[in-house]
Amino acid sequence: MANQGAPERRPGIPGTPGGQPRGRGLSMRTRQLFWVWGFLALPVLFYGVIRFYPTLNAFWLSLTDWDLMSEPEFIGIDNYTRMFSDPEFWKVFRNTFTYLIVGTPISLVLSFLIAFALDRIRFGHTFLRALYFLPYITTASAMAWVWRWFYQPAPIGFINDLLGRVGIPQMAFLNSTTWALPSIMVTAIWAGLGFQIIIFMAGLRAIPTTYYEAARIDGLGEASILRRITLPLLKPTTVFLVVFSSIGFLRIFDQVYNMTTNDPGGPLGSTKPLVLMIYQTAFSSYEMGYAAAQTVVLFTILLCVSLLQLWLLRER
């Protein structure tokens, strides 16, 4: 009777009202997020300073007249007006997209065919894979000079000497406005082929063999297996390589600069890409504002091409 009306006491941790546990600070999830962002803070900060700040600063410099010797002078969109009215810019623009439109599909098709064949080779597989990858790790300038030697007139040039032996007239590869750009494109495709082959082979090895076994049990031929199984399952790999290769061809510089040293981008500007034009504008003419405007255009092209390809090749 004495306990009637007394508040009911719930069992719990002693010393706490109503048996509720004392506060323990941050939750486990919050602690994990804290540590994750703690480890990522320095790389993110470094990437922001190295990448994002120069990019944003380029947009500002593109609106100025700056020669490195004086303070930048704001001139609005004059650099863009000058650039879009310059016939040389449009010629360079066309060259750049020629590298992209022709080089990207050829390199992807060749690399896939070679990777597809290597995936079925058992004897000497590792050696052949390393042999194809070797050009990718070779110094770009050294590789370009070797190919430049190949393209020289006979008897110095290996290719023209070989053509002469079989009765074919010599070709002015790097001295022809018609053949100079394709000659450099062959070098660029050959240089990046090894990386694409390795990535395609990794994608092929990632496809479960059970799919192929089931398809063969169902009576599908090799062509049908390739079309219905291999290519669809390689789509993520293909998307990555399309974007990666496109960026590489849009930013081509080393091969052009080293193979046309006497007249960079020549003959008559027939091989000059946008990156080389930016380099010459900035470090030969010291027109940093104008070069920044060209850089902004290149950045916009890279962004639009990459987003367009990702949209076209997205999962449906």
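Leaving aside its neighbours within four places in sequence, Leu 108 is in contact with Gln 196, Phe 200, Leu 241 and Val 242, where contact means heavy atoms within 4.5 Å. Residues are numbered from 1 along each chain as its sequence is written, and side-chain values use heavy atoms, with hydrogens and water left out.

Back to Leu 108, which sits in helix 3 (residues 87-118); helices (H or I, at least four residues) are DSSP runs, numbered from the N terminus. Leu 108 has a relative accessible area of 12%, so it counts as buried. Buried means under 20% relative accessible area, exposed over 50%, and partly exposed in between (1.4 Å probe, protein chains only). Not counting residues up to four places away in sequence, Ser 107 touches Ile 189, Leu 193, Gln 196, Ser 245 and Phe 249.

Now look at the interior. In soluble globular proteins, nonpolar side chains tend to be buried together. A nonpolar core is a set of buried Ala, Val, Leu, Ile, Met, Phe, Trp, Tyr and Cys residues joined through side-chain atoms within 4.5 Å. The largest core here has 39 residues, of which Tyr 99, Ile 184, Ile 197, Phe 200 and Met 259 touch the most other members. Its largest share, twelve residues, comes from helix 7. Apart from this core lies another, of 20 residues, among them Met 83, Leu 250, Ile 278 and Val 296.

What lies on the surface? Leu 56, Phe 59, Phe 299, Leu 303, Leu 307 and Leu 310 form a nonpolar patch there, with about 560 Å² of accessible area together. Helix 1 (28-61) and helix 13 (288-312) each give two or more residues to this patch, and the largest share, four residues, comes from helix 13. Such patches are made of residues with over 30% relative accessible area and no salt bridge, with nonpolar side chains (Val, Leu, Ile, Met, Phe, Trp, Tyr) joined within 5 Å and like charges within 9 Å. The areas come from the Shrake-Rupley method with a 1.4 Å probe, and for residues only the protein chains shown count as cover.

Next come the charged pairs. A salt bridge is a side-chain nitrogen of Lys or Arg within 4 Å of a carboxyl oxygen of Asp or Glu, and by this rule the count comes to six. In one of them, the side chains of Glu 287 and Arg 82 meet at 2.8 Å, N to O. Glu 287 lies in the loop between helix 12 (274-283) and helix 13, and Arg 82 in helix 2 (residues 78-84), so the pair ties together parts that are 205 residues apart in sequence. Elsewhere, Asp 119, Arg 120 and Arg 205 are linked in a network of salt bridges.

Finally, a word on confidence. The protein chain averages a pLDDT of 85, and 91% of the residues score at least 70; pLDDT is the predictor's confidence in each residue, from 0 to 100. Over residues 12-23, however, pLDDT stays under 50. Where pLDDT is low, the predicted coordinates should not be read in detail.

How values were computed:
This is a predicted model: local features need pLDDT of at least 70, side-chain atom pairs count only at pLDDT 80 or more; totals for chains, interfaces and linings use all residues.
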